Amino acid sequence: MIKRTPLQSAFIVVNTAVLAALALVTLYPLLYVVLASFSNPTLFAKHTGPLFWTQGFSLDAYKVVLEKPEILTGYGNTLFYVIVGTAVNMAFTISLAYVTSRPGLLLNKPIMLLIIFTMYFNGGLIPTYLLVQDLGLVDTRWAPILPTAISTFNLIILRTGFAGVPASLEEAAKIDGASPFRIMVKIIFPLAMPTIAVIILYYAVQHWNSWFQEMIYLRNDDLYPLQLFLRQILIENQQDDMVMATKTADQQALGEIIKYSTIIVSTVPILLVYPFLQKYFTKGVMIGAVKG
Amino acid sequence: MQTDFTYCPLQTAEKSVMVEVERMSEGLIACGKKIEEKEWSGMDLKTHDGSAVLAEKGKFASAMDILARDLRRNWSTYLLALPGLVFYIIFMYGPMYGVLIAFNDYTPSGGIWNSPWVGLDNFREFFGSPFFGRVFSNTIILNFLLLVFTFPAPIILALMLNEVRAMWFKKTVQTITYLPHFISMVVICGMIVDFTSNRGIITQLLNFLTGGDHGNLLSNANMFRPIYVISEVWQKIGWDSIIYLAAMAGLDMELYEAAEIDGAGKIRQLFAVTLPGIASTVVIMLILRIGSIMSLGADKVILLYNEVIYEKADIISSYIYRQGLQRSNYSLSAAVGLVNSGINCVLVFLANFFSRKFSENSLW
């Protein structure tokens with residue numbers, strides 16, 4: 001048993017207290033949203049100060065939210081962008097990362113220069129927008145997918161992962177007459193799977209959260225991802241409410257709770273999946289980083 | 001312990017990107033040197049020795065031969081790279097060509113080439129407008145505040161977590177502080193907007209503490225920066241501490257034991273062992289951070305600001321967005337974007353330069 005001086009004991013107490021306070025402060029806003037979302041609108045509107053439990057209990061707001069067509073459309077579209085988008089991301093990123101990770105290809109150096117240069121300089125928002133418009137992608141399902149098909153950052157991580165696969169394995173397959181595509185799929189993929197999994201996650205999360213380019217490129221709200229509907233419900237309506245108070249007190253009260261339940265409905269799925277992903281994610285990064 | 005270790009790779013990934021960038025810029029420089037040498041030797045050859053020119057031509061031809069052989073042998077591999085290359089050429093280099101509209105008065109019918117050229121007028125308009133000073137200083141100030149508050153916070157958290165011996169407590173604090181990282185920006189901003197509205201919980205708290213009525217906080221320009229920075233700390237403190245925890249977990253326990261035998265207390269150990277041990281990580285993260293100043297996204301600003309508080313809230317990227325996409329001043333906006341990209345390029349280059357300079361001594 002280690003003996004502690006009073007000073008050390010005091011330090012441990014203070015340290016623990018500060019960390020506990022930090023955890024509480026971080027958690028409370030989320031807790032507040034949860035409690036408010038189950039509250040009775042009228043009681044909540046009358047309530048001032050922090051919430052320690054729900055004010056009354058009501059699921060009315062959840063009923064409204066779950067019946068909103070936007071939420072369903074948004075989830076459907078987001079699912080499309082996450083699945084198809086990530087598939088496109090991976091197809092483009094993997095193949096380029098594979099080729100540039102192979103030693104002995106003369107053109108790899110110029111190709112990498114071409115890629116790295118884009119980390120230093122880019123055309124900017126407007127020229128990109130005009131290009132996407134000229135290509136006829138505006139207001140199509142491809143607008144949130146194609147212009148961001150490769151993230152250079154992810155490409156380089158993946159390339160580093162691929163470079164860690166011993167060249168001797170590949171040589172053996174080559175002698176057996178395997179094509180580069182076959183080598184990539186049969187030899188490199190299984191060995192670099194952890195890194196690939198991590199990149200899949202990076203891309204998927206990026207699509208899930210993305211709203212800015214969707215806002216720019218999409219006009220038709222049948223194509224909107226969940227995040228854009230959330231922006232309408234949580235932010236734009238709020239500003240409208242500030243300008244004109246056209247709603248009755250009851251409607252306003254319910255509207256307030258609807259916001260909280262919308263946050264829960266849109267966030268809980270990702271928070272539920274996260275612990276499981278987290279495990280895979282950490283396991284994956286470990287092996288991918290052996291060669292760094 | 002395990003969680004700490006498993007995160008190391010994130011850092012490695014970041015490192016590998018930096019190494020890559022560094023290697024490539026070395027390549028660029030080397031290329032430049034070669035071209036220079038060639039030009040000089042070429043001049044000499046022309047004036048003095050004709051036969052050497054022929055030899056040079058021969059070299060060139062054989063280089064082409066080697067390249068052709070490489071293409072013949074590896075064409076099927078190169079074919080795999082084609083989709084990715086096409087992506088880069090269209091979506092990355094296309095806009096670089098499109099940035100020419102910064103020098104003309106773009107009209108949709110005229111396109112990039114047939115709109116009237118106006119030289120540097122767009123730049124003059126921007127630099128001459130009152131917006132220039134406003135968005136520029138707002139960008140600098142916001143970034144400075146973010147650096148001062150959001151950069152040290154995760155380091156301090158990591159140092160504190162590192163002292164915790166009860167694993168369950170450490171894990172709990174970590175899990176809770178990571179949570180905001182997994183909530184989308186739109187939802188985060190939705191919560192901020194709600195909490196700071198007239199009757200929002202944060203407004204209520206502030207009213208209670210100061211005894212006044214602050215009304216809607218986000219319609220008060222002076223409140224924008226505190227709200228932005230504090231919420232940013234809330235969002236990032238946990239997730240950003242991972243990298244430092246990983247660096248600390250990598251420190252040799254023997255160093256601590258030795259320090260303890262020498263009679264160093266906790267505080268001494270902190271300054272003599274822990275801080276020097278993570279210094280390289282801190283410096284690299286700082287450099288990366290400074291390198292990304294100009295690319296501070298418009299996301300959060302656009303979600304949080306409104307006309308009333310533009311004077312403090314409007315930054316370069318949100319200005320570009322508003323001018324270009326809301327008012328269709330394409331050329332002016334592209335010009336501002338070009339200025340931004342230029343500054344960004346210099347910052348990335350400097351960041352890269354310093355990280356190389358620094359890392360030669362310590363990292364890779």
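In this predicted model, Cys345(B) has a relative accessibility of 23% and therefore counts as partly exposed, because the buried class requires a value under 20% and the exposed class a value over 50%. Cys189(B), by contrast, has a relative accessible area of 0%, so this cysteine is classed as buried. As for covalent links between cysteines, the rule applied here gives a count of zero disulfides over all chains.

From these individual residues we turn to the interface of chain B and chain A, where 92 residues of chain B are in contact with 100 residues of chain A. Between them the two chains bury about 8,800 Å², and 77% of that area lies on carbon and sulfur atoms. Within the share that chain B buries against chain A, Leu80(B), Tyr88(B) and Phe91(B) together supply 8%, which is more than any other three residues contribute. On the side of chain B that touches chain A, helix H2 of chain B, spanning residues 50-98, gives the most, with 22 residues. When the residues of that side are sorted by type, 62 are nonpolar, 22 are polar and eight are charged.

Key: Residues are numbered from 1 along each chain as its sequence is written. Chains are lettered from A and ligands numbered from 1 in the order in which they are written. This is a predicted model: local features need pLDDT of at least 70, side-chain atom pairs count only at pLDDT 80 or more; totals for chains, interfaces and linings use all residues. Side-chain values use heavy atoms; hydrogens and water are left out. Contact means heavy atoms within 4.5 Å. Buried area is the accessible area (1.4 Å probe) that two parts lose on being put together, summed over both. Helices (H or I, at least four residues) and strands (E, at least two) are DSSP runs, numbered from the N terminus. Ala, Val, Leu, Ile, Met, Phe, Trp, Tyr, Cys and Pro count as nonpolar, Asp, Glu, Lys and Arg as charged, and the others, Gly among them, as polar. A disulfide is a pair of cysteine sulfur atoms within 2.5 Å. Buried means under 20% relative accessible area, exposed over 50%, partly exposed in between (1.4 Å probe, protein chains only).
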